[in-house]
Amino acid sequence: MKTSAADRDIRHNEMTRRIAGYAATLLLIAGATVAGLLIASRWGNEPVALLYIPPVLVAALICGLWPALVAAAISTLTYNFYFTVPYRTFFINNPADVVTVTALFLVAVVTSRLAASLREQSRRADAHAARNATIAGLARRLLSRSGEAAVAEIAVRELARLFRSQAALVIGHGEPQIIASVPTSVALPPSDLAAAALTLETGAPSGRGVRRVDLADWQFHPINSERAVLAAVGLAREDGLPPVAGNQRQLLGNLLDQIALALERARLEGEAREVAALRERDRLRSALLTSIGEDVKPRLNAIAAAARTLRRSEGGDKSLATTVAAETAQLGRYIDALVDLSPGDDQEPLNIGPLAIDLHRRIVRRDGKDVHLTPKEYAVLAELAKHSGRVLTHAHLLRSVWGPAQQDNIDYLRVAVRNLRQKLEQDPARPALIINEPAVGYRLALQ
């Protein structure tokens, strides 16, 4: 398979840099030899050995350890060839020259290792700095977006750029759905959808280059929060190679953590907006009902009093007055039931074991401490609390909380009840508050 132009450019630049390093090293060795020949004619051969250390340092800093070792060997052989007796040969007659050559080689090797180590540490520091800059850049861009779709769009765009691949973000258990992709026309075949579903279900990577579902063209990685798998990111290269190299996995993991935080923040903000909308709706409804009670009920009382007066008066149509009085009384009962003008027991918190459920203030406490519930979780608990002790069917709860269109999606209800048990029950594995009636529904126990 043909590699991408970007990969070819990277390899070409790396090869050019290495060739330039080798050329610079050979030039420095040649320069050290020329300088050594000039020095040896006046001061002897002893200072010449030090001239061969700089080429080794250059090779180590530019090219790495193995090229530096090669430079050390070439420098040692060059020194032996030109500056030890017999000259212009690789033989050594003088034991002192043997010691000098050996010392030169050892010093060159040690120097090359030290310089190569410094180069590697510098490279790692640069890599860490680049990785941190990449993570910070993505986090900054994600902070500027508030909705889940906007966060997903920024995430796939950055991942596609960083890993030079196609990218998609999918959500939904069972049937994954793409909410953002680069390019925007991405369509996943069945094998890739299966890999995405497996990642969303298990929270483990799957797809190309991974043991699970290796036949897929895409590689999927989970986006995890502390509680669940929020989504999955899919990556795929046009050349068919695995999109994430081994040395890039840590970077990808850090980026996915930032995306998870952004998605969690977007969902919490959405829930907060939904709660605020519910509270505003309840406030308006309460104000409307109060207005009905304060404005309509006195007029009904006046009509009822007029009807009684008309019925007692002489010459009036008593049958008509009786009908008006009866209808007025019936309408008054309807309004009393609707408004509940007098504070009664229904406005007091419902106490069930360690729970206190205040339906009017939308507050739930457990052992005196507030419990945070999502809007759907609270709606399920409130519906059960309004009918404490009674079994409410799955269809009834789904219609009341999610609407008639969702009354067959029992999984929605099961997830909400499971979360409620985690937050409210002493032992979620043995629920004592929210009781399941198999194949029927749930009821809130009376304690």
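1. In this predicted model, helix H2 meets helix H3 through Pro 55, Val 56, Ala 59 and Ala 60 on the H2 side and Pro 67, Ala 68, Ala 71, Ala 72 and Ser 75 on the H3 side. By class, the residues of this contact are eight nonpolar, one polar and no charged.

2. As to geometry, H2 (residues 53-62) and H3 pack with their axes 7 Å apart, at an angle of about 165 degrees. An angle over 145 degrees counts as roughly antiparallel, and H2 is therefore roughly antiparallel to H3. The two helices form a right-handed crossing.

3. Helix H3 (residues 65-83) also contains Thr 78. Thr 78 has a relative accessible area of 14% and is therefore buried, the cut-off being under 20%. A polar atom of the Thr 78 side chain lies 2.7 Å from the backbone oxygen of Ile 74. Leaving aside residues up to four places away in sequence, Thr 78 touches Ile 29, Thr 33, Tyr 52 and Phe 83.

4. H9 passes H10 in a right-handed crossing.

5. On the H9 side, the contact with H10 is made by Lys 376, Ala 379, Val 380, Glu 383 and Leu 384, and on the H10 side by His 396, Leu 397, Ser 400 and Val 401. The residues of this contact comprise five nonpolar, two polar and two charged.

How values were computed
Residues numbered from 1 in each chain as written. Predicted model: local features only at pLDDT ≥ 70, side-chain atom pairs only at ≥ 80, totals over all residues. Heavy atoms only, no water. Left-handed = near helix turned anticlockwise from the far one by under 90°. Helix = DSSP H or I, 4+ residues; strand = E, 2+ residues; numbered from the N terminus. Contact = heavy atoms within 4.5 Å. Nonpolar A, V, L, I, M, F, W, Y, C, P; charged D, E, K, R; others polar. Buried < 20%, exposed > 50% of the residue type's maximum accessible area, 1.4 Å probe, protein only. Polar contact = N/O pair within 3.5 Å; in protein donor to acceptor, adjacent residues only side chain to side chain. Axes fitted to C-alpha atoms, helices over the stretch in contact; angles between N-to-C directions. Parallel < 35°, antiparallel > 145°, perpendicular 65-115°, else oblique.
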